[in-house]
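I am opening this notebook to record, entry by entry, what I looked up in one protein model. I keep each note to what can be checked on the structure shown below.

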Amino acid sequence: MSAVSLPAPTAAVSRARITASGLLRSEWTKLWSVRSLRLTLAFAFALVIGLSSYLIIEGTTLGGAPADIPFSFTAVYPVGMLALVVLGVLTVTSEYSSGTIRSSLVAVPKRSGVLLAKAAVLTAVTAVLGAFTSVLLYVLVQVTGTLPSANGMSLFDPDMFWGVLAGTLVLPYGALFGIALGALIRNAAAAITLYFAVFQMGPQIFPVFLPEGLARVTDYMPFAAMDVVRAAGAATEPYGVGIAIVVLTAWIVVIGGSAWWLLKRRDV
């Protein structure tokens, strides 16, 4: 029986399969069609809105945040960010566990586009939802009047705007960090455990075991830099906002770059 030769894919078909818009639509569909991702996303923002609203209505602050800071209602955001780190991890690792990552990479032989599309879609979605959350909580602060330092202050007043913006950016940063970590580790349980052991608990544990001269390395962990950024210039220790932004960017570049390098060279 003679073999039947199939025509090679045309250039038009190949281009259609790997266009940037096609990749973005694909990742958008995956985000809203996978139940665990939808629930984690909803939980993260429900947690932020619910807990922040309670504190605003009660006129209290989380963890003793100074009430004289007009954007102190963003103090809950790092809590929601933890759920978004998990979301970022699951966005990548769910495809590895189900095996669907193979289909994605067959359609995109260069591979980088898949990772970039995941990062772009999830970062954009969480940034938009974060902005909506911040505006909603700002309005609640103005309606309740329980935060005297913010009463009557415009959202675009520099004393308010930069703090709210910095706090809001914590949310998409968490999602992006989770994607980078998930792409590097490829296993949800291992990636989440690593995150909590090293990045969440590490700053409290490492100084106990490190020599005194090296203990300050924890100042350059993501959470330490994030606290500086969220203070929007109100805190200058252990360094300023500019260095904090560099530190946060460096973590994404190192972890994301390592994940990209392995994706290009390691089998799935």
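**Entry 1: the overall fold**

I began by reminding myself that this is a predicted model. I then looked up the secondary structure, and the protein chain comes to eleven helices and zero strands. I noted that buried residues make up 41% of the 268 residues in the chain. When I turned to contacts with a separation of 6 or more, I found that residues 24 or more positions apart account for 71% of them.

**Entry 2: salt bridges**

How many salt bridges does the structure hold? I looked them up and wrote down six. As background, I noted that side chains of opposite charge can pair when their charged atoms come close.

I looked at Glu-27 and Lys-30, which form a salt bridge with their closest N and O atoms 3.1 Å apart. Because the two residues are three places apart in helix H2, which covers residues 20-33, about one helical turn separates Glu-27 from Lys-30. Both Glu-27 and Lys-30 are buried.

My next pair was Glu-95 and Lys-118, whose side chains meet in a salt bridge at 2.0 Å, N to O. This pair links distant parts of the chain, since Glu-95 is in helix H4 (residues 77-98) and Lys-118 is in helix H6 (residues 112-144), 23 residues apart. I checked the burial of Glu-95 and found a relative accessible area of 5%, so Glu-95 counts as buried. Lys-118 has 4% relative accessibility, and therefore counts as buried too.

**Entry 3: the surroundings of Lys-118**

I stayed with Lys-118 in order to see what lies around this residue. Its side chain makes a polar contact with the side chain of Glu-27, at 3.1 Å. Which residues does Lys-118 touch, not counting residues up to four places away in sequence? I listed Glu-27, Lys-30, Thr-91, Val-92, Glu-95 and Ile-179.

I moved on to Val-241, which lies in helix H11 (residues 241-265). Leaving aside neighbours within four places in sequence, I found Val-241 in contact with Val-228, Val-229, Ala-232 and Gly-233.

I then looked up Arg-186, which has a positive phi of about 70 degrees although it is not a glycine. I noted this value because most residues other than glycine have a negative phi. Arg-186 lies in the loop between H7 and helix H8 (188-200), and with a relative accessible area of 13% Arg-186 is buried.

**Entry 4: the largest pocket**

I looked up the largest pocket and found a volume of about 360 Å³. The pocket is lined by 16 residues, of which Ala-166, Leu-169, Val-229, Ile-245 and Leu-248 lie nearest its centre. Helix H7 (158-185), helix H10 (222-230) and H11 each give two or more residues to this lining, and H7 gives the most, with eight. Sorted by class, the lining has 14 nonpolar, two polar and no charged residues.

**Entry 5: the cavities**

I counted two cavities of 30 Å³ or more. The largest cavity has a volume of about 60 Å³, and its lining includes Val-92, Tyr-96, Leu-105 and Lys-118. H6 gives the most to this lining, with three residues. By class, I found eight nonpolar residues and one charged residue there, with no polar ones.

About 50 Å³ of space lies in the second largest cavity. Among the residues that line it are Met-81, Tyr-173, Phe-199 and Pro-222. H10 supplies the largest share, three residues, and I noted nine nonpolar residues in this lining, with no polar and no charged ones.

How values were computed. Residues numbered from 1 in each chain as written. Predicted model: local features only at pLDDT ≥ 70, side-chain atom pairs only at ≥ 80, totals over all residues. Heavy atoms only, no water. Salt bridge = Lys/Arg side-chain N within 4 Å of Asp/Glu carboxyl O. Helix = DSSP H or I, 4+ residues; strand = E, 2+ residues; numbered from the N terminus. Buried < 20%, exposed > 50% of the residue type's maximum accessible area, 1.4 Å probe, protein only. Polar contact = N/O pair within 3.5 Å; in protein donor to acceptor, adjacent residues only side chain to side chain. Contact = heavy atoms within 4.5 Å. 1 Å grid on protein atoms, 1.4 Å probe; cavity = no way out; pocket = protein on both sides within 12 Å on 5 of 7 lines; lining within 4 Å. Points joined across faces, edges and corners; volume = space filled by probe spheres on them. Nonpolar A, V, L, I, M, F, W, Y, C, P; charged D, E, K, R; others polar.
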